[in-house]
Amino acid sequence: MKLEPEARMALVTAMVELERTGLNHGTSGNVSVRVDGGLLVSPSAVPPAQLSPVDVVALGDDGAVLGSNRQRPTSEWRIHVDVLAARPDVGAVVHTHSTEATALACLRRRIPAVHYEVGLAGGATIPCADYATFGTPELSTNVLAALDGHDACLMANHGVLAVGPDLAAAMALAVEVEWLAAVYRRAVASGEPVVLPDGEMRRVVSAYVDYRSRS
Ligand SMILES: [Zn+2]
């Protein structure tokens, strides 16, 4: 786990990178990182270009704001708190409104195993969480349910959530989900893609687990 000053800087860098790469726009999306005693989250309504480490908000494990912060936490702080509480294996959470994945989420479609890299999210599909209003406990509940056994999900009529043991892993998975969504949409637009069978996806997922344990 990174020390807090280092984690604040990494979080700012991640928010800037999400905008630079087009995964987020304006003040959409948010990021959190687990630290000793709680988590750091991106603030509400601060464009990434204006973000500095002091704008990052510190929350306790229960979501209470810690110390004096000059910004309010992201409106989706509850999802970050709940995911980190439910998943001890997770060290960082990345939420985006990336275009291709959000387009699928607006159709309320999950991403099936049209490409073996779907297994990077831990299963044979990347599920789509049921819709609820942003910032509500219901949305957090729906996201947690969709994440069961997965490291990423779409969020109906909203966007994407990706998690990982650290921020770099969660960021990489958010990029991956966007690429898989684009591939799926193009494949569907051109015909009927072949979905890999569950047995093959179990082999893929266990191969990824082996690969990670060796690297
Ligand atoms: Zn959002």
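This is a short tour of one predicted chain, from the whole fold to single residues.

Residues are numbered from 1 along the chain as its sequence is written. Because the model is predicted, local features need pLDDT of at least 70 and side-chain atom pairs count only at pLDDT 80 or more, while totals for chains, interfaces and linings use all residues; side-chain values use heavy atoms, with hydrogens and water left out.

**Whole chain**

Start with a cartoon of the chain, which shows six helices and seven strands. Helices (H or I, at least four residues) and strands (E, at least two) are DSSP runs, numbered from the N terminus. The C-alpha trace spans about 55 × 35 × 30 Å along its principal axes.

Colour by burial next: 50% of the 215 residues are buried. Buried means under 20% relative accessible area, exposed over 50%, and partly exposed in between (1.4 Å probe, protein chains only). Of the contacts between residues at least 6 apart in sequence, 64% join residues at least 24 apart; contact means heavy atoms within 4.5 Å.

**Zinc site**

Select the zinc ion with His95, His97 and His158, whose NE2 atoms are its protein donors at 2.1 Å. Donors are N, O and S atoms within 2.8 Å of the metal (3.2 Å for Na, K and Ca); water is not among the atoms, so sites may look incomplete. The donor spacing in sequence is H-x1-H-x60-H. His95 is buried at 1% relative accessibility, whereas His97 is partly exposed at 23%.

**His150**

Move to His150, in the loop between helix H4 (137-147) and strand S6 (152-155). His150 is buried, with a relative accessible area of 13%. Leaving aside residues up to four places away in sequence, His150 touches Arg87, Ala121, Gly123, Thr125 and Pro127.

**Two loop residues with positive phi**

Select Ala45, in the loop between strands S2 (38-41) and S3 (57-60). Ala45 has a positive phi of about 60° although it is not a glycine, and is exposed at 57%. Finish at Arg108, in the loop between helix H3 (99-106) and strand S5 (128-129). Arg108, also not a glycine, has a positive phi of about 55°.
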